[in-house]
Amino acid sequence: MSLDRRLPRYVIIAFVFLLALFFLGPFGSASPSSAGRPPPPRSHPSVRFKPSSSDWWTTVKQHHPVPLAHKLPPATRNLLHTVQHDFSGYRDDPVTEQRRKAVRAAFVKSWGSYKKHAWLWDELAPVSGGGKTTFGGWAATMVDALDTLWIMGLYDDFYDAAAAAAQLDWANTTETSVNLFETTIRHLGGLLGAYDLSGEPALLEKAKELGNMLYLAFDTPNRMPGFWLNFENAKQGLQVAGTNDPSAAPCSLSLEFTRLSQLTGDAKFYDAISRVTDFLERSQNSSRLPGMWPKLINFQAEDVRHESGFALGALADSLYEYLPKMAALLGGQYPRYERMYRTAMDVVKAHMLLRPMLPEDEASHTDILFAGDVYVDQKNAIERKPEGQHLSCFTGGMFGLGGKLFDIVPHVGIGERLARGCSWAYDAFPTGLMPEIFGIVACPSIDKACAWNEEQWQTQGDKHLKKGFSNARDPRYILRPEAIESIFLLYRMTGKEDLRDIAWRMFESVMRSTETELANSAIEDVTVEGIPTRTDSMESFWLAETLKYYYLIFSPPGLISLDEFVLNTEAHPLRRPK
Ligand SMILES: *[C@@H]1O[C@H](CO)[C@@H](O)[C@H](O)[C@H]1NC(C)=O
Ligand SMILES: *[C@@H]1O[C@H](CO)[C@@H](O)[C@H](O)[C@H]1NC(C)=O
């Protein structure tokens with residue numbers, strides 16, 4: 001970190017301030033008594049809250065008002081089991097420290113280029129060097145990276161970014177609609193995570209402003225939000241829920257809205273998302289695959305019978321992820337999240353998990369799983385689609401978390417096999433990276449390795465790929481986090497050191513294939529030898545999630561302990577009750 005070079009007096013002030021930060025901050029004392037509550041409010045002089053140029057959303061009439069019907073449980077009780085492995089006696093070692101520094105250097109490089117070439121834009125173009133507007137023009141990368149800056153100890157940059165975030169103007173956008181899901185997980189989650197770490201009051205104020213704007217999206221006849229919050233429709237009372245929306249979109253806003261209610265004391269946010277949870281509970285057993293919800297849902301008719309596709313990957317993913325995470329944020333005080341998680345995971349275990357068919361020498365020591373898709377026709381015939389996705393790699397961490405929180409020991413084992421499956425798939429391609437979507441030749445059952453079947457391989461397999469794969473249907477790697485996310489979470493849950501070596505191998509592969517002069521870029525094809533073509537894209541999750549997980553796995557396990565924090569689906573840490 002750099003100190004002010006101009007005046008020695010400032011050097012002293014800065015030094016005292018940083019010392020105070022160190023001793024008071026969550027990373028210095030890691031005092032367990034602070035869990036559930038943010039650190040004491042601490043206002044940095046450069047961070048000044050500036051209200052948006054208009055707050056029309058607070059005065060617009062609710063056309064479909066409802067009374068508050070859901071009460072938040074006290075934020076001071078936790079009835080759940082410990083998540084983290086007992087790391088007592090943990091010592092940092094030089095190799096781990098080197099690795100941590102390499103990850104931090106990658107972050108500093110990408111962040112530096114964002115500041116220089118794309119400051120306040122949503123994204124940096126990591127090859128050509130410009131800025132892009134992808135999520136409403138409210139500096140998505142900057143907001144998303146706030147808490148990573150804090151975690152990595154880059155406090156000067158943190159306060160520069162926090163000062164800019166405190167001035168964001170939600171009323172000033174050229175868009176006519178906002179993407180409710182993306183804005184909630186990236187912007188609202190980013191501000192709340194940064195507030196929960198730093199205690200900087202202006203960040204909570206900004207989050208509250210945004211929360212009030214996004215709250216409008218729930219003003220539909222059945223209080224189910226649409227995919228887009230369209231400003232004009234909201235003003236005129238014309239909003240309706242979607243008839244064919246991704247199930248994850250309305251159904252994974254719960255962590256952010258709940259945390260906002262916990263921190264502001266305003267229960268309306270929690271009430272709004274609890275109505276979506278009520279719907280999930282009502283409908284869980286009425287789909288074609290009872291226990292799971294389809295990828296696409298008619299939220300307007302609240303109908304889950306029509307759609308045939310079920311998955312843990314794209315479209316549905318974080319709906320399931322948020323069930324154990326909501327239990328964690330509420331201290332397990334409302335059992336319905338655990339109930340829904342258990343019911344859904346029983347179905348996942350029965351129908352969705354896949355074990356690849358591997359040659360004998362490999363099968364004997366490779367016990368891995370993937371999460372595939374399932375289709376159910378009108379006569380309830382179930383057809384598995386043996387396809388893996390980078391997006392579904394989060395399932396390892398989800399099973400691990402559910403297993404730990406609710407003390408379901410076999411789930412932690414399933415989680416580890418899923419996490420190891422994704423790292424195995426990284427190793428299977430010449431770049432050391434996994435494709436976005438790929439087919440696998442699957443065993444009939446996940447319980448034991450199946451014998452190699454040459455005929456099945458000849459008909460289903462792709463001879464250009466490693467044995468076990470049938471295609472690399474979408475061969476891109478777009479800097480996604482889900483594989484390292486699960487490896488990190490399982491490391492914190494099991495303490496198995498080899499997961500760190502796996503993480504390092506993955507990190508080296510990511511850097512080798514994606515690093516550009518400025519930063520890191522998505523690539524076109526992980527199946528090629530040599531350096532793949534870069535597609536000039538660096539989504540904000542590279543700094544918010546991917547590099548955060550790589551940094552945390554090489555950090556002492558008390559940094560963002562999973563017993564003090566729950567991470568939203570964009571890796572923003574929200575404080576849990578003690
Ligand atoms: C809105 O943003 C644009 C571009 O960032 C800026 O030029 C303009 O002054 C802003 N308008 C208001 C009312 O702040
Ligand atoms: C759904 O079915 C499962 C398994 O039969 C049962 O345990 C669960 O309580 C049911 N859920 C609801 C909300 O009725």
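Leaving aside neighbours within four places in sequence, Glu-436 is in contact (heavy atoms within 4.5 Å) with Gly-388, Gln-389 and His-390, and also with Asp-474, Arg-476, Ile-478 and Arg-480. This is a predicted model, in which local features need pLDDT of at least 70 and side-chain atom pairs count only at pLDDT 80 or more, while totals for chains, interfaces and linings use all residues. Residues are numbered from 1 along each chain as its sequence is written, and side-chain values use heavy atoms, with hydrogens and water left out.

Glu-436 sits in the loop between helix H16 (409-427) and strand S13 (437-440), where helices (H or I, at least four residues) and strands (E, at least two) are DSSP runs numbered from the N terminus. With a relative accessible area of 8%, Glu-436 is buried, a word that stands for under 20% relative accessible area with a 1.4 Å probe and protein chains only.

An unreviewed UniProt entry places the feature "active site" at Glu-436 together with Glu-182, Asp-317 and Glu-482; such annotations may be inferred rather than shown by experiment. Of these, Asp-317 lies in helix H12, which spans residues 317-329, and is buried with a relative accessible area of 14%. Not counting residues up to four places away in sequence, Asp-317 touches Ala-248, Leu-312, Leu-391 and Phe-394.

Turning to ligand 2, the residues around it (a heavy atom within 4 Å) are Glu-281, Asn-285 and Thr-343. Taken alone, ligand 2 exposes 360 Å², of which the protein buries 38%, the areas coming from the Shrake-Rupley method with a 1.4 Å probe.

How values were computed: Chains lettered and ligands numbered in written order. Buried < 20%, exposed > 50% of the residue type's maximum accessible area, 1.4 Å probe, protein only.
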